Amino acid sequence: MSEDAQRPIIIKRKKVVAGGGHHGGAWKVAYADFVTAMMAFFMLMWLLNATTETQRKGLADYFSPTIAVARVSGGGDGAFSGDSLMSEKTLSQSGSGGFVDLDLNVESGTSEDASVGNAELTDEELLKAVQAGLAGKGGESLVAEMALEHIITRVTDEGVVIEIFDIEDDPLFEPETDRPTEILREIAKLLSDTLMIVENRVSFAGHSRTYSQVQINNPAWDLSVDRAHVMRELLEANSLPPERVERVIGYGQQKPLLSNTMAFRNNRLEIVLLRDGV
């Protein structure tokens with residue numbers, strides 16, 4: 001008998017495991033979730049860098065609105081929590097409460113009721129009244145909505161500040177001049193009726209971005225002063241009484257908002273509704 005005939009026959013059985021072992025394909029699902037989360041994270045970072053402060057605030061307000069939309073709504077949340085914002089004749093106490101009874105639709109200068117005495121409003125109520133007046137005007141046209149993108153309001157030690165600022169592709173003035181663009185003229189129309197609901201004295205301040213140090217004549221000072229005067233003239237042409245103007249100031253490039261002092265966002269105007277005694 002040959003050697004090959006005496007050799008035992010060995011049968012090998014291969015065990016085929018479908019799905020990659022005991023864990024199957026779960027790792028693929030986990031990895032896909034991870035990649036999706038990372039993509040969403042980087043998109044968020046990109047959006048934060050690509051949008052302006054006003055646009056981010058608009059997005060935040062869209063997803064968490066703080067303005068009551070009906071008179072039967074409950075109290076709000078946040079800094080002014082308490083009664084509904086639409087509560088009538090409710091003065092605030094410790095930061096709560098709604099608007100005083102203001103007629104925001106009264107034509108400027110046609111009625112003594114178009115303004116409210118300074119003593120009747122706290123800073124918070126005055127800020128709410130200004131914001132409500134602007135919001136009411138914003139829905140009138142697409143141009144008005146675009147104009148509101150240039151405006152933010154806040155309270156300071158001086159009073160209520162209405163800040164109007166450049167957007168890089170939509171400036172308030174023609175480049176390096178004090179000639180107002182159409183968007184600034186529209187803003188003046190929006191503000192004129194809003195400023196007439198109160199009697200506060202008004203201060204105008206102009207700010208400019210930083211210009212290159214190699215320029216022989218730095219235009220920042222002249223532009224900031226001239227642009228503040230132009231804003232005053234536009235509002236006076238739209239019925240703001242000249243006797244309410246307390247001062248007109250130009251700060252040049254001395255008070256930038258951004259660390260990048262040459263950014264267009266530093267070009268801005270501030271209209272301050274002054275407190276009594278300031």
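This is a predicted model: local features need pLDDT of at least 70, side-chain atom pairs count only at pLDDT 80 or more; totals for chains, interfaces and linings use all residues.
Two residues stand out for their backbone geometry. Most residues other than glycine have a negative phi. Glu176, although not a glycine, has a positive phi of about 60°, and a positive phi of about 90° is likewise found at Ser239, which is not a glycine either. Each of these residues is placed in a loop: Glu176 lies between strand E2 (159–165) and helix H6 (182–195), whereas Ser239 lies between helix H7 (220–237) and strand E4 (245–250). With a relative accessible area of 42%, Glu176 is partly exposed, because this class covers values between the 20% limit for buried residues and the 50% limit for exposed ones. Ser239, at 32% relative accessibility, also counts as partly exposed.

The loop between E2 and H6 also holds Pro180. The relative accessibility of Pro180 is 17%, so this residue counts as buried, the cut-off for that class being under 20%. Along the chain, Pro180 and Met231 are 51 residues apart, while their C-alpha atoms are separated by 8.5 Å in the model.

The second largest pocket contains about 570 Å³ of space. Its lining is made up of 21 residues, and those nearest the centre of the pocket are Thr51, Thr52, Glu53, Leu258 and Arg265. At least two lining residues are supplied by each of helix H2 (26–50), helix H3 (53–63) and strand E2, and the greatest contribution comes from H3, with 4 residues. When the lining of this pocket is divided by class, 8 residues are nonpolar, 6 are polar and 7 are charged.

Helix H2, which supplies at least two residues to the lining of the second largest pocket, is also the location of Val35, a member of a nonpolar patch on the surface. Besides Val35, the patch is formed by Trp27, Tyr31, Phe34, Met38, Phe41, Phe42, Leu44, Met45 and Leu48, and together these residues and Val35 have about 1,000 Å² of accessible area.

Definitions and conventions: Residues are numbered from 1 along each chain as its sequence is written. Side-chain values use heavy atoms; hydrogens and water are left out. Buried means under 20% relative accessible area, exposed over 50%, partly exposed in between (1.4 Å probe, protein chains only). On a 1 Å grid over the protein atoms alone, a cavity is a set of points where a 1.4 Å probe fits but cannot get out, and a pocket is an open set with protein on both sides within 12 Å along at least five of seven lines; lining residues have an atom within 4 Å of a point. Grid points are joined across faces, edges and corners, and a volume is the space filled by probe spheres set on the points. Ala, Val, Leu, Ile, Met, Phe, Trp, Tyr, Cys and Pro count as nonpolar, Asp, Glu, Lys and Arg as charged, and the others, Gly among them, as polar. Patches are made of residues with over 30% relative accessible area and no salt bridge: like charges are joined within 9 Å, nonpolar side chains (Val, Leu, Ile, Met, Phe, Trp, Tyr) within 5 Å. Accessible areas come from the Shrake-Rupley method with a 1.4 Å probe; for residues, only the protein chains shown count as cover. A salt bridge is a side-chain nitrogen of Lys or Arg within 4 Å of a carboxyl oxygen of Asp or Glu.
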